[in-house]
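Subject: Structure handover

Hello,

Here is the structure for you to look over. My notes on it follow below.

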Amino acid sequence: MIQTTDHGQARAVWHELLVYAADHLPALLLVEAVRNFGAVVWVPGVGYLVNDPELGKAILEDSEGFTKTGPGSMGSMITQVVGENALMNMEGPAHQAMTARLHDLFSAAYLDVVSGQVLAEPAARLRRELIEGRDVDLVSFMHRLSGKMICHMLGLTIDAGDETYERLWSIGSSLTAPVGLTTTRLDDADVASRRAHFDELMDHARVSFERNDPGSDSIIQRLHDLGLSFDEVKGVTAALLTVGTQTVSATVPRAVALLVDTGQLALLRARPELRASAIDEALRYVVPAPIMLRSVEKTRVLGGHELKAGRRVLILAYNLMKHPGWFPKPRRFDITRRHHRKVKYLWFGAGSHFCLGFNLAYREIGSVLEVLETLPAEVRVVSRGYARNVLIPTYSRLVVRLGPVAKQKHADDGDPAQLGEQHGAREIDLGAEAHGRKRQVGDGRGAS
Ligand code: HEM
């Protein structure tokens with residue numbers, strides 16, 4: 001029987017704490033400290049800190065009472081750099097109208113295109129290199145994969161090569177360089193440097209937009225076809241290229257480390273039908289967006305706490321996902337965990353700003369897990385380092401290597417590079433599952 005050991009669980013907790021401590025130690029200490037001080041904690045100079053999943057969700061769903069665009073909000077800082085229309089700096093009817101137009105942007109058909117044109121080659125290469133016995137750094141791997149995704153979105157040549165992919169990824173990363181917990185406005189130098197990176201990406205976007213090639217599968221072309229003006233395209237693309245690429249590339253190495261450290265990769269390999277549930281649990285545990293910012297538009301009383309207009313709210317998703325009432329033994333990583341429907345997907349937000357790219361996220365993360373599930377043996381972590389100066393805490397290096405291959409399996413393998421197909425792993429239709437979730441969530445969108 002495959003078992004996860006307490007030792008493995010402790011190792012996972014320890015590495016996850018180090019991932020945060022390496023770069024966000026003061027925030028980690030504050031967030032860990034306030035966890036037990038109640039559902040809502042007022043910290044002068046920072047704002048209301050929210051620890052309770054139901055209250056957090058209620059705030060996210062109340063877009064009249066709480067906005068992303070008030071003074072000192074993240075939205076106002078985004079506007080400083082990329083201008084209007086970036087979704088995360090929009091509210092009310094304009095935001096509703098824009099998200100309604102984008103509803104089908106990441107349709108199942110588009111995800112299949114992404115799988116074929118973007119994800120298949122890196123996945124095959126990952127499999128090949130590991131089977132050849134090489135060490136693979138999953139952090140660099142994800143930077144290249146995300147860079148390739150950016151190429152595809154912008155309509156650049158898809159086989160531009162690793163150097164271009166890494167460069168595009170690092171532009172996205174510079175654009176989303178971290179800001180302090182108490183920062184409410186970017187200074188001029190910061191705005192200028194971020195805007196220079198943004199303009200570089202938008203120069204490519206403009207070429208694709210003006211080329212207007214109806215045969216292209218790029219996001220720019222899709223937005224053009226939806227009738228968006230170039231200014232609108234710029235805003236939406238800014239959101240997709242920044243939050244979309246940084247979240248996934250930060251998540252995958254941490255998710256793999258969790259699977260390996262806790263011994264649950266063996267369980268996933270034995271039961272690949274758990275893939276979606278493994279991704280859910282990894283996202284709960286990693287919480288790629290650990291804090292969601294809002295400002296109070298209208299004074300509200302929630303759960304007996306008065307939240308006064310004009311103040312900031314920090315929804316501590318990091319704590320929400322560790323609430324023992326909703327997630328028993330929250331520091332235990334368990335890919336068979338069943339998440340209560342009320343709090344499931346809260347790692348993607350809730351209400352009108354619910355993540356637009358969550359289907360794509362499952363597809364991207366799933367493409368890497370599929371490789372690990374179908375290799376002839378488990379991978380193990382050879383070395384790791386913790387990243388600094390990043391928006392989303394993650395590893396700076398996570399080097400994995402294929403472990404010893406069990407004899408019987410080895411004998412069965414014709415062409416090991418084709419194992420995924422041979423072992424029927426492709427039968428798992430994550431896209432369809434995720435699409436179902438979108439409909440479920442889509443129904444609730446804006447219903448607050
Ligand atoms: C690990 C994967 C991801 C996680 C955990 C995640 C999480 C989130 C969260 C929590 C929000 C809402 C933030 C708030 O309300 O303050 C959000 C919004 C958003 N996400 Fe994601 N995201 C992920 C991947 C992606 C991808 C792959 C894309 C697209 C390429 C994407 C595009 C967006 C956009 C455009 C928004 C803004 C939506 C709006 O404001 O209307 N995300 N995401």
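Among contacts in the protein between residues at least 6 apart in sequence, what percentage join residues at least 24 apart? The figure is 73%. Two residues are in contact if their C-beta atoms, placed from the backbone, lie within 7 Å.

Some ground rules. This is a predicted model, where local features need pLDDT of at least 70, side-chain atom pairs count only at pLDDT 80 or more, and totals for chains, interfaces and linings use all residues. Residues are numbered from 1 along each chain as its sequence is written.

Overall make-up: the protein has 17 helices and 10 strands. These are DSSP runs, numbered from the N terminus (helices are H or I, at least four residues; strands are E, at least two). Of the 448 residues, 46% are buried. Buried means that 20 or more other C-beta atoms, placed from the backbone, lie within 10 Å of the residue's own.

The ligand: 24 residues surround it, and the closest are Gly 244, Gly 349, His 353, Cys 355 and Gly 357. A residue counts if its C-beta atom, placed from the backbone, lies within 6 Å of the molecule. Helices H10 (230-261) and H14 (358-374) are the elements that give two or more residues to this shell. H10 gives the largest share, seven residues. By type, the shell has 17 nonpolar residues, seven polar and no charged. Here Ala, Val, Leu, Ile, Met, Phe, Trp, Tyr, Cys and Pro are nonpolar; Asp, Glu, Lys and Arg are charged; the others, Gly among them, are polar.

More on H10: 29 of its 32 residues are buried. Just after H10, Gly 263 takes a positive phi of about 80°.

The core: the largest nonpolar core has 118 residues, and Val 50, Val 256 and Ala 317 have the most contacts inside it. H10 supplies the largest share of this core, 15 residues. A nonpolar core is a set of buried Ala, Val, Leu, Ile, Met, Phe, Trp, Tyr and Cys residues joined through C-beta atoms within 7 Å.

Strands: S9 (residues 379-386) and S10 pair in the antiparallel sense over seven bridges. Pairing requires at least two DSSP bridges between the strands. Arg 384 has Leu 398 in S10 as its bridge partner. S4 (residues 136-137) and S10 (residues 395-402) also pair in the antiparallel sense, over two bridges.

Best wishes

Conventions:
A residue is buried if 20 or more other C-beta atoms lie within 10 Å of its own, exposed if 12 or fewer, and partly exposed in between; C-beta atoms are placed from the backbone.
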